Amino acid sequence: MTGEAVTGTNAKEPPCVAVYGTDGGGPFVLVSDHAGRAVPSYLGDLGVSAAERARHIGWDIGIDGVGRALAQKLQAVLIEQVYSRLVIDCNRAPGHPTSIVKISDGTSVPANQDLTMEQRAYRENTILHPYHARITQELDARLKAGRPTVVVALHSFTPEFGGVKRPWQVGLLHNHDKRLAILLMDLLRKEGLTVGDNEPYALTDTSDYTIPTHGEKRCLPHVEIEIRQDLIAHVAGQEEWATRLARLLPEAWACFCQIYGTITDEQADAEGAIA
Ligand SMILES: [Zn+2]
């Protein structure tokens with residue numbers, strides 16, 4: 001792991017971006033918006049107990065272990081957000097109503113009440129923007145080198161919400177370009193898994209930020225993967241899911257290339273646009 005220093009972050013605070021894995025020449029770039037649960041020291045504990053911050057409202061339980069193991073197995077780079085989504089949600093556009101939540105799943109976040117524009121901007125400038133800039137940097141370098149590039153966003157979801165049990169072990173989210181999601185969905189279903197198609201959430205232009213920004217707007221093949229938290233709460237489950245995805249993602253990509261070509265026209269255009 002390399003914690004990368006980021007301009008604008010207070011020198012006493014940990015950098016907001018952690019990069020895992022190595023680039024072994026494959027197509028995948030892994031990103032994990034909710035992997036971390038750190039809180040900058042100037043915000044104390046946000047006024048939220050440690051037990052509450054350890055719940056799903058603070059981070060995507062288990063996805064750190066899955067992502068890091070997957071990065072290793074795929075020999076891919078994983079870019080993780082280090083800070084808790086309760087500080088600022090890095091899968092929301094700046095200024096979005098749920099970017100900095102006042103209340104999350106019944107838990108009030110005292111440090112997020114009545115923020116000034118300056119306080120919001122500070123969190124955006126020290127956490128949200130540097131994280132996305134690091135992803136942009138990774139993608140720019142790859143496209144400049146003419147490399148096929150696939151953005152994979154990793155998340156986890158609660159087994160139950162609002163008293164309703166969620167039946168899916170894994171969900172694939174997509175919006176404007178569902179090509180890779182559909183191929184991976186087929187492969188996961190062949191494993192006998194119950195796979196959510198835009199479940200438990202649908203990917204939309206406004207509810208998400210990472211895939212719309214780095215996948216859709218750049219015309220890069222992409223998929224957002226949500227894994228149920230009870231399956232990856234422990235190392236054995238994390239390893240199992242990393243192993244499964246390390247096998248199926250390249251398989252889905254091989255199918256994609258067969259059908260659509262290695263570099264799509266749009267990707268070639270995007271490459272030209274940034275050259
Ligand atoms: Zn998430």
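Asn198 is found in the loop between strand E11 and helix H5. The model shown here is predicted. Asn198 has a positive phi of about 55°, although it is not a glycine. Is Asn198 buried or exposed? Its relative accessible area is 19%, so Asn198 counts as buried, because the cut-off for buried is under 20%.

The loop holds another feature. Pro200 also lies between E11 and helix H5 (210-216). A cis peptide bond joins Glu199 and Pro200. Its omega is about 5°.

Gln75 also has a positive phi of about 55° and is not a glycine. Gln75 sits in the loop between helix H2 and strand E4 (77-81). With a relative accessible area of 45%, Gln75 is partly exposed. Pro15 is in the loop between strand E1 (2-4) and strand E2 (17-20). The table lists the accessibility of these loop residues.

| Residue | Relative accessible area | Class |
|---|---|---|
| Asn198 | 19% | buried |
| Gln75 | 45% | partly exposed |
| Pro15 | 24% | partly exposed |

How far apart in space are Pro15 and Pro167? Their C-alpha atoms are 37 Å apart. Along the sequence, Pro15 and Pro167 are 152 residues apart.

**Strands**

Now to strand E12, residues 222-228. Seven of its seven residues are buried, so E12 is largely enclosed by the rest of the structure. Both of its faces are covered. On one side are His222, Glu224, Glu226 and Arg228. On the other are Val223, Ile225 and Ile227.

Which way do the partners of E12 run? Strand E7 (residues 150-157) runs parallel to E12, and seven bridges join the two. Strand E10 (residues 170-173) runs antiparallel to E12, with four bridges between them. Here Val170 has Ile227 as its bridge partner in E12.

E10 pairs with E11 (residues 195-197) as well. These two run parallel and share three bridges. Val170 takes part again: its partner in E11 is Val195. Both faces of E10 are covered too. Val170 and Leu172 are buried on one side, Gly171 and Leu173 on the other.

**The zinc site**

Which residues coordinate the zinc ion? They are His34 through ND1, Asp60 through OD and His155 through ND1. The distances are 2.0 to 2.1 Å. Along the chain, the donors follow the spacing H-x25-D-x94-H. The pair His34 and His155 links distant parts of the chain, 121 residues apart. His34 is in the loop between strand E3 (28-32) and helix H1 (50-53), while His155 is in strand E7. Both His34 and His155 are buried.

**A helix pair**

Two packed helices are described by the angle between their axes and the distance between the axes. Helix H2 (residues 63-74) packs against helix H6 (residues 235-260) at an angle of about 45°. Their axes are 8 Å apart. That angle makes H2 oblique to H6. The crossing is right-handed.

Which residues make the contact? From H2 come Asp64, Gly65, Val66, Ala69, Leu70, Lys73 and Leu74. From H6 come Gln238, Glu239, Trp241, Ala242, Thr243, Leu245, Ala246, Leu249 and Pro250.

Key:
Residues numbered from 1 in each chain as written. Predicted model: local features only at pLDDT ≥ 70, side-chain atom pairs only at ≥ 80, totals over all residues. Heavy atoms only, no water. Buried < 20%, exposed > 50% of the residue type's maximum accessible area, 1.4 Å probe, protein only. Pairing = 2+ DSSP bridges. Donors = N, O, S within 2.8 Å, 3.2 Å for Na, K, Ca; no water. Axes fitted to C-alpha atoms, helices over the stretch in contact; angles between N-to-C directions. Parallel < 35°, antiparallel > 145°, perpendicular 65-115°, else oblique. Left-handed = near helix turned anticlockwise from the far one by under 90°. Contact = heavy atoms within 4.5 Å.
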